[in-house]
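User: I'd like to learn how to read aromatic contacts and record annotations on a model. Can you walk me through them?

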Amino acid sequence: MHKVGPTPARVDGIWWLYAILFVSVHVLAAWGAFYWRPYHKVPTASLVMGCLVFNLSGLGCIGYHRLYSHRAFQTKFAVRVVLAALGTAACIRSIKWWCLLHRLHHRFTDDPIHDPYPATKGLFYSHMGWIFFKPNYERLHLVDHEDLDNDPVVRYQDKYYVPLAASFGFVLPTLLGMMWGDPSGAFVWGGLVVKLAVWHCALFVNSLAHWGGLQPYSDDNTSRANLVVALLTFGEGAHNFHAFPHDWRSGPHTWNWDPSKWIIFGLYRLGLVKGLRTARAQDVKEALEYMHFKKKHGVAPAQEDASWTGETWDTPRALEYIESIPGTCVMVIDDYFVDVTEYLGQHPGGAAVLRKYSVRPQQDHVEASWAFDGGLNNHSRSARNRMKEFRIALCSRS
């Protein structure tokens, strides 16, 4: 049985390297934009290039967020290289580390101890305050990363991240500026200023999208649908739909502002993307109805909790069931045997974590319950309802 104590998520002290880098880019960008190369003294080409770089770098979220963090779709090697390059140009850490922190954030959203950037610590902290402190994430080792380790694009980018980020983020815009005789203006507007714009727009998803906006799908945590943030982040600000984190969209409707979704769909139609993962229509409908009822009446609708009328199994009976069907994955969660075999390919955290906590000879039943009930993930109401669908028997403790 796992026992996790209340160790703080980070140790005391400033992470000076990141603090100095973060502040330095702000100071240099302000000096460059207002004194060295103000916008009225640079060619229009440098400003246009800066806007183009901002948009291309911002689209890196398709790779960092939807492809790698949530495995919402699959794509070819060449597309992964392009998406990795766009994300690298944003200089927001390597794919591997960004994804690990983001997966940890989803597992423990708003938890002041285990969430890397919890909104519960305040708007400033969730926006940028967390960047300045040395991390000591106690449960980061529990986050699955096998898929990241096995991807050659992720491995290469992580190994050479610093020179790649410097090259794509600062050197390349400067070299492009030489084409129209303005390398310094291109460095300021295509490098420094763009970095600030991309960084803070992305950080708004951690802060503003947890502070103001709508909650049509869930109020399990502080995530909200914020149109302003969505406009600045190619759809990522529609944050409340993250109640279904594995979905490739930030909203199920065609009219939801989500340019990232439209680009992914375009790549899908071209045959460059496959395996689009979507939330079940009945789950989305149930979530909308639940929240509508709660907002209208001020209380949550009564949940039916009928007594179990199925079979009761002991461990030998469960093992007999598992061995009779090769590949079966059964877990014990809240005193029920749960067959999650058909859910393996849909689980947002991947199939490996379900296999890890499955019933096997000499396996402690407490393991899966601990993981499901907050040890590994603070599951949403929707996830808990889905889990109940897979119950096959009550677990006998005798």
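Analyst: We take the ring contacts, then the annotated spans. This is a predicted model: local features need pLDDT of at least 70, side-chain atom pairs count only at pLDDT 80 or more, and totals for chains, interfaces and linings use all residues. Residues are numbered from 1 along each chain as its sequence is written, and side-chain values use heavy atoms, with hydrogens and water left out.

User: How many aromatic pairs does the structure hold?

Analyst: A pair of aromatic rings is described by the distance of the centres and the angle of the planes. Rings of Phe, Tyr and Trp (its six-membered ring) pair if their centres lie within 6.5 Å; planes under 30 degrees apart are stacked, over 60 edge-to-face, the rest tilted. The structure holds 19 such pairs. One of them, Trp 313 with Phe 337, is tilted, at 6.1 Å centre to centre and 40° between the planes.

User: Which parts does that pair tie together?

Analyst: Trp 313 lies in strand β5 (residues 312-313) and Phe 337 in strand β7 (residues 336-339), so the pair joins parts 24 residues apart in sequence. Strands here are DSSP E runs of at least two residues, numbered from the N terminus.

User: Are Trp 313 and Phe 337 buried or exposed?

Analyst: Both are buried (under 20% relative accessible area, 1.4 Å probe, protein chains only).

User: Which charged end sits over the ring of Trp 313?

Analyst: That of Arg 317, 4.3 Å from the ring centre. The test: NZ of Lys or CZ of Arg within 6 Å of the centre and within 35 degrees of the ring normal.

User: Which residues does UniProt list for "transmembrane region"?

Analyst: The unreviewed entry lists 15-35, 47-65, 160-180 and 186-205. Such annotations may be inferred rather than shown by experiment. Residues 186-205 are 100% helix, with end C-alpha atoms 28 Å apart.

How values were computed. Helix = DSSP H or I, 4+ residues; strand = E, 2+ residues; numbered from the N terminus. Buried < 20%, exposed > 50% of the residue type's maximum accessible area, 1.4 Å probe, protein only.
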